[in-house]
Amino acid sequence: MRIQCPFCGERDSSEFTYLGDATVRRPDPSAPEQYFEAVYLRDNPAGRHEELWYHGFGCRSWLRVTRDTRTHEIFTVEMYNDATTETNQEAARA
Amino acid sequence: MSGHRLGKGGLIDRQRALTFQFDGRRFTGHAGDTVASALLANGVQLVGRSFKYHRPRGILTAGSEEPNALVELRTGARREPNTRATVAELFDGLEATSQNRWPSLGFDVGAINSLLSPIFVAGFYYKTFMWPAAFWEKVYEPLIRKAAGLGRASEQSDPDIYEKAHAFCDVLVIGGGAAGLAAALSAARAGARVILCDEDFVLGGRLNGDRREIGGCSGVEWTQRAAAELESLPDVRVMRRTTVFGAYDGNTFGAVERVSDHLPTPSPHQPRQRLWKIVARRIVLATGAIERPLVFGDNDRPGVMMSSAARTYLHRFGVAVGHSPVVFTSTDDGWVTAFDLARAGIAVRAVIDTRTKISASLLSGAKQTGIYTLLGAQVVATQGSHGLTRVTVRKHDGGMENLKADALCMSGGWNPNIALSTHLGGRPRWSDELSVFLPSELRGTIVAGAARGSFTLAAALREGAAAGAEAAQSTGHDAPAWSAPTVDDELSGVTPCWRIADSRGKAFVDFQNDVTADDVTLAAREGFTSVEHLKRYTTLGMGTDQGRTSNVNGLALLAAATGRTIPEVGTTVFRPPYTPVSFGAFVGHHRGKDFRPTRLTASHRWAAERGATFVEAAQWLRAQWFAEPGETDWLQTVNREVKSVRSSVGVCDVSTLGKIDIQGKDAATFLDRVYINMISTLPVGKTRYGIMLREDGFVMDDGTTAHIAPGHYVMSTTTVNAGKVMQHLEHARQVTWPELDVQIVSITEQWAQYSIAGPNSRRLLERLLGGAIDVSNEAFPYLACAEFQWQSMRARLFRVSFSGELAFELAVPARYGDATIRALMTAGQEWGVVPYGLEALGVMRIEKGHVAGNELNGMTTAADLGLGRMMSTKKDFIGRVLAGRPGLVDANRPALVGLKPVDRSKRLFAGAHFLSSGATVALNNDQGYLTSVAFSPMLDHWIGLGLLARGQARVGERLRAYDPLRSGEIEVEVVSPVFFDPEGARLKG
Amino acid sequence: MRYSIFSLMRQALRGHRDWTPAWRDAVPKPAYDVIIVGGGGHGLATAHYLSKVHGITRVAVLEKGWIGSGNAGRNTTIIRSNYLLSGNVPFYEFSMRLWEGLEQDLNYNAMVSQRGILNLYHSDAQRDAYARRGNAMRMHGIDAELLDANAVRRIAPFMDFDNARFPIQGGLLQRRGGTARHDAVVWGYARAASDRGVDIIQNCEVTGFIREAGRIAGVTTSRGEIKAAKIGLAVAGNTSRLTNLAGLRLPIESHVLQAFVSESIKPRIPGVITFGAGHFYVSQSDKGGLVFGGDIDGYNSYAQRGNLPTVEDVCEGGMAVIPSLGRVRVLRSWGGVMDMSMDGSPIIDRTPLSGLYLNTGWCYGGFKATPASGWCFAHLLARDELHEVGRDYRLDRFAIGHLIDEKGVGAQPNLH
């Protein structure tokens with residue numbers, strides 16, 4: 001697999017470490033009942049999956065990668081911590 | 001003697017004779033030969049024995065699909081079992097040995113299995129060997145294993161080297177036959193960056209094995225011109241002897257270049273093989289086709305060969321496969337072999353064609369050459385002990401005729417070589433028109449020529465050129481028009497014939513695994529009607545050739561046996577690698593001591609000079625202890641080191657601990673959230689011990705954090721978890737709390753850090769540092785930290801202690817590490833300073849009850865480790881919520897305790913489990929286990945730390961430390977985990 | 001027809017004409033007592049024990065492809081019971097006992113071969129961890145021996161004892177560990193279950209669940225609706241796909257694990273060997289191929305194939321242990337999709353949906369568990385209670401914190 005790191009360019013996936021579902025957010029500490037779900041339960045879709053990859057052998061960025069879990073095809077790669085992305089704007093508002 | 005070298009012809013260098021041995025017999029071949037062609041040229045027909053029945057086997061093909069002619073190549077440490085003689089290049093002095101036979105190839109005791117073959121049918125072992133039950137391991141399986149296996153692997157370490165390389169291109173062309181060359185040429189002429197790979201040592205594919213004309217010159221000449229043009233272009237890489245073995249995600253292809261396999265030994269500094277990872281924007285698959293055998297009685301007899309292979313041996317190697325061959329065909333292509341052999345002066349005994357009608361041009365050709373022709377006829381049996389002598393033909397009218405023959409060339413049609421197209425999940429589709437499986441559409445890949453069922457040369461050139469142009473165009477290169485060269489005419493009629501009915505003897509489908517047509521029928525009868533069940537039940541296609549010559553025939557037979565069509569039965573897919581790849585190629589340089597990187601600290605050379613014994617700690621090598629002359633036992637050394645530290649002073653390299661620099665205006669907030677305890681209250685110039693949890697509430701790591709300047713912290717981690725913690729912090733910073741203004745960077749490699757421990761440590765530092773920093777207790781109390789100027793460098797000092805002694809950690813830029821350790825030793829001479837290693841460090845931490853890796857095992861909570869009170873209730877931190885789950889706060893959880901043997905002379909062993917006295921030995925009576933043990937020189941007996949259910953409440957209780965693996969059982973006493981200086985007076989002095 | 005040397009010889013004389021299908025290729029009936037989704041080892045074993053132990057024979061096993069097409073036919077065939085934690089040890093030992101009697105039970109030779117499993121250790125800490133494990137095994141009556149380097153050398157002299165980056169210090173040996181012929185396990189269970197009346201229905205993909213009166217009452221399939229009072233899922237790798245149809249989220253991720261076989265060579269490796277300083281384990285089959293594997297690729301995947309970095313990593317581990325492998329060739333690689341659970345241990349339990357039962361989360365240890373998994377799942381389906389040896393495999397253990405985390409890596413499936 002090749003991942004187009006927004007900072008470093010296209011690199012082999014062996015430079016990256018995988019974490020999992022990128023849609024999971026750390027719940028608000030005032031809502032402890034949400035922690036179990038956030039830490040343990042996964043949609044685990046067969047198909048498009050937003051996921052977190054860490055470019056540990058490169059720029060150390062956490063990336064949000066959209067990939068098909070059936071074909072391994074990668075659709076988009078973006079910096080997780082990029083304020084311009086929609087998801088982060090939502091998060092900032094929340 | 002059947003095969004022989006002809007007086008002329010072929011691509012071999014007749015000026016260069018090479019001698020070689022097969023089973024100890026000496027032969028001569030030529031440069032350009034394969035082992036197979038050289039053996040055939042010397043009249044050798046019998047080269048191996050089959051897997052199950054030990055039937056004599058010869059050479060079936062002239063390519064990498066060979067199932068039969070497997071030999072052990074080379075000897076000693078370079079012995080390579082199962083090497084296909086058909087692709088092994090001959091070199092001077094080559095030694096090959098037949099395999100899977102005993103005592104000799106000619107007389108093989110294992111052939112007795114052939115007599116038992118009525119029992120040894122597909123799946124017979126699932127039905128028997130069950131009684132008596134104990135006999136399987138003791139009798140049956142040992143016998144089976146004695147007989148198992150093909151060649152013998154070397155027992156010595158591989159002496160050759162391997163390397164890896166990466167390549168990137170616009171267009172990767174796989175296969176250097178007519179289609180591949182045309183594709184490479186048209187893409188290269190357009191200016192695309194092209195890589196052309198071919199598994200063979202010459203380009204040309206079938207052009208070398210056929211007598212063809214392209215644009216007025218021979219196919220061989222055309223190939224040479226094409227190769228010369230490609231090699232003259234700057235952005236083209238032509239890779240011969242390079243097998244593209246696998247297609248992977250992201251248009252990445254694995255390939256193995258056999259750099260030195262054609263040489264007796266690799267040249268100095270040359271690898272044996274090189275693993276390529278090729279990333280291509282577009283791919284042209286021009287992998288040709290593989291001829292299928294005909295399934296008839298005793299079709300495995302040495303001398304029975306693929307028709308196209310016979311032609312390859314004739315044209316490429318100048319070898320006639322027999323004096324009196326017959327051709328058995330269901331295709332026009334078989335006739336080409338007959339005509340070519342006849343033209344070379346070989347007396348073709350007959351052409352037996354399963355078809356009743358053939359084209360007029362074939363008929364006239366037969367007439368011209370005078371070849372005895374039998375139409376609508378079939379070979380139903382063959383004879384000959386170790387090689388073919390006679391074939392039995394059932395003629396169209398049902399009459400039988402025996403023909404003398406020393407070779408049989410069979411032609412059952414061509415199967416596109418689609419293996420690579422299935423690696424990424426592509427499902428081949430059946431073509432009724434061609435009776436073949438065609439590759440599925442693949443993104444970024446264009447298939448050309450015989451690989452997509454276009455079996456004529458003209459089509460191969462046309463499609464290849466078009467594919468190359470299209471690939472170039474889609475990568476931004478305009479291709480000039482391709483003027484198709486004229487080629488000579490050819491016929492390509494096929495009438496598939498899947499099985500010769502009523503054959504005599506065994507009709508083999510899979511030669512290597514001895515799977516017969518009857519086995520396929522039997523499998524169908526027993527309900528193994530999915531093609532995958534068939535393969536698994538009969539082992540069809542499971543050999544080293546992955547069934548390249550057998551799969552389609554097997555499918556067809558299964559279809560016939562179950563009354564279905566071939567596409568209804570299923571399809572055939574292949575797994576990487578395309579042809580077997582050596583471990584060495586995948587491993588490259590990562591072997592022996594270079595299996596993984598070795599990280600050395602700045603004091604390594606100094607420690608080695610001092611005679612240190614080193615031990616692996618993650619990727620680091622750390623000094624384990626420093627034996628002095630006269631010390632005979634490691635424990636003696638470690639005891640001395642501990643006592644010296646506790647009585648005076650010692651120095652230990654602690655550079656391997658992870659060091660992370662944390663800065664920013666929100667750094668304190670950030671640290672509060674990643675540690676369970678409060679860091680934001682830590683003043684500048686102070687250090688604090690911290691515990692980090694995973695979000696699931698279990699302990700992840702521990703370490704200290706020093707506040708060395710406003711908003712500037714240095715965190716230490718354990719050696720093993722340094723990378724993991726760094727990733728964890730980056731995740732917290734970028735993903736969880738991107739709004740925090742904090743930056744982090746690993747500085748583990750940048751700083752050398754030494755622990756100076758013991759009552760005289762302050763004196764030593766005062767001597768070493770002079771007035772650079774005041775290290776008095778008043779100016780620099782316990783847990784103080786500072787950055788200061790020391791001579792020309794910026795250094796850092798921390799007053800932290802793992803040993804429980806008055807101790808400091810001095811950090812200097814790594815380039816001064818070596819000088820600093822030497823200066824420390826010099827400065828400490830007056831107090832008899834000793835270097836101490838990881839082992840003494842471990843003893844002292846156990847004496848002090850500090851937890852380390854054995855306790856921080858990912859299954860413990862902070863409370864388990866006696867650190868529950870550190871969990872702040874005033875703030876949020878990672879792991880806080882889930883640490884409160886019932887299972888994590890259960891009163892029965894194990895807790896950290898100290899253990900002493902009741903009989904103080906007894907040794908403790910880590911990993912012993914605790915049982916209450918009187919309890920029976922049973923898992924549900926398990927009370928915990930000993931995590932770490934050490935001999936304490938201060939207490940003069942063994943001590944241990946353990947995790948014991950409700951441990952803190954059980955101090956004083958006596959337990960059994962149950963250790964059947966080693967010590968049996970020892971009575972132990974539960975004590976506080978702090979064995980030495982429980983008040984902590986020493987570290988604050 | 002009963003299988004034996006006698007029936008085999010009798011058939012040999014008749015050209016093997018009278019053998020009948022090993023199992024009936026059934027067509028679906030409208031309703032059953034129990035439907036098991038998934039015709040792999042676990043599903044078929046469940047059907048076998050449901051019929052044999054509990055007398056429940058109105059059972060259908062639904063398989064979307066051909067039986068054994070999932071992980072049952074894609075694993076490296078290892079059986080062992082060398083576990084550490086009390087939640088696992090009794091279960092896997094129970095499984096081992098069932099393996100030991102499997103051939104007699106099924107009248108099918110699954111080639112259970114107890115040639116031993118040796119886990120190498122390379123550091124003091126690893127030795128201590130294996131001692132802890134071995135002692136836990138011994139407390140449950142399981143054989144375990146802790147060997148030093150010399151003893152290991154006597155068993156496997158071909159390993160690297162001279163030039164290793166991480167020297168072999170010793171190993172934990174379970175002599176009763178070994179291998180079994182994976183496909184034969186599937187066929188043997190299928191044949192035995194089918195003989196007792198279980199319907200094995202291939203090419204029957206479940207496409208949805210039928211809900212009636214607040215409970216799951218059946219499934220829709222590519223071959224029509226099928227009703228049943230109880231539905232058990234044993235669809236390793238695809239569990240989330242199915243439970244998503246029922247609106248149930250699980251502590252599961254699907255990951256791809258590659259496995260490999262070398263060309264057939266003369267037998268050399270006695271039992272199973274696992275490397276302790278990298279990802280590699282190996283055994284040698286009765287055909288002579290080295291069957292080996294390593295770590296999962298590490299990313300969510302439903303594709304039954306992996307990538308080169310893992311291949312290289314596994315082979316590096318192989319040569320680190322056995323330097324003479326250099327010229328041995330890798331013949332074939334393949335991938336299986338694993339249900340990786342959040343603590344690395346399985347789940348055999350009811351679900352919040354009445355009528356729906358779960359058998360999942362086997363990570364890459366599912367094969368060795370096949371008999372006990374089938375036994376416990378059958379017990380659960382028949383009696384609505386967890387079997388004694390699998391009592392900790394509860395679905396709610398993640399919420400309450402009674403985790404069974406042998407590796408101690410927490411809620412990160414790709415690290416288990």
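1. Starting with chain A: this predicted model gives chain A two helices and six strands. Read from the N terminus, the order is β-β-β-α-β-β-β-α. Of the 94 residues in chain A, 46% are buried. If you take the contacts in chain A with a separation of 6 or more, 43% of them join residues 24 or more positions apart.

2. On to how chain A sits against chain B. The contact draws on 22 residues from chain A and 27 residues from chain B. About 2100 Å² is buried between the two chains, with carbon and sulfur atoms giving 54% of that. Three residues stand out on the chain B side: B:Asp249, B:Gln727 and B:Gln734 supply 27% of the area that chain B buries here, more than any other three residues.

3. The polar side of that A/B contact is worth a look too. There are 12 residue pairs in polar contact between chain B and chain A, counting pairs with both residues at pLDDT 80 or more. On the chain B side, the elements that give two or more residues are helix H20 (722-736) and strand E42 (743-746). H20(B) gives the most, with seven residues. By type, the chain B residues touching chain A split into 12 nonpolar, seven polar and eight charged. The salt bridge count between these chains is four.

4. Now chain C against chain B. Here 116 residues of chain C are in contact with 121 residues of chain B. The buried area is about 9900 Å², and carbon and sulfur atoms give 57% of it. On the chain C side, C:Met139, C:Arg165 and C:Arg327 supply 11% of the area that chain C buries against chain B, more than any other three residues.

5. For the polar count at the C/B interface, I'd note 12 salt bridges and 63 residue pairs in polar contact, both residues at pLDDT 80 or more. Helix H5 (residues 124-139) of chain C gives the most to the side of chain C that touches chain B, with 11 residues. That side divides into 56 nonpolar, 33 polar and 27 charged residues. Among the salt bridges, B:Arg145 and C:Asp286 meet through their side chains at 2.7 Å, N to O.

6. What about the cores? The largest nonpolar core has 234 residues, and those with the most contacts inside it are B:Tyr313, B:Ile352, B:Leu408, C:Phe91, C:Met159 and C:Phe292. A second, separate core of 38 residues includes A:Val39, A:Tyr40, B:Val881 and C:Leu242. As background, nonpolar side chains tend to be buried together in soluble globular proteins.

7. Zooming in on B:Tyr313: this residue lies in helix H8 (residues 307-317) of chain B. B:Tyr313 counts as buried because its relative accessibility is 0%. Leaving out residues up to four places away in sequence, B:Tyr313 touches several others, including B:Ala36, B:Leu40, B:Ile59, B:Met305 and B:Val319. The C-alpha atoms of B:Tyr313 and B:Gly209 are separated by 7.1 Å, although the two residues are 104 residues apart along the chain.

8. Last, B:Arg845, in helix H23 (residues 838-848) of chain B. Is this arginine buried or exposed? B:Arg845 has 7% relative accessibility, so it counts as buried. Beyond residues up to four places away in sequence, B:Arg845 touches B:Phe802, B:His850, B:Val851, B:Ala852, B:Glu855, B:Ser932 and B:Leu945.

Terms used. Residues are numbered from 1 along each chain as its sequence is written. Chains are lettered from A and ligands numbered from 1 in the order in which they are written. This is a predicted model: local features need pLDDT of at least 70, side-chain atom pairs count only at pLDDT 80 or more; totals for chains, interfaces and linings use all residues. Side-chain values use heavy atoms; hydrogens and water are left out. Contact means heavy atoms within 4.5 Å. Buried area is the accessible area (1.4 Å probe) that two parts lose on being put together, summed over both. A polar contact is a pair of N or O atoms within 3.5 Å; within protein, one must be able to donate a hydrogen and the other to accept it, and residues adjacent in sequence count only if both atoms are side-chain atoms. Helices (H or I, at least four residues) and strands (E, at least two) are DSSP runs, numbered from the N terminus. Ala, Val, Leu, Ile, Met, Phe, Trp, Tyr, Cys and Pro count as nonpolar, Asp, Glu, Lys and Arg as charged, and the others, Gly among them, as polar. A nonpolar core is a set of buried Ala, Val, Leu, Ile, Met, Phe, Trp, Tyr and Cys residues joined through side-chain atoms within 4.5 Å. Buried means under 20% relative accessible area, exposed over 50%, partly exposed in between (1.4 Å probe, protein chains only).
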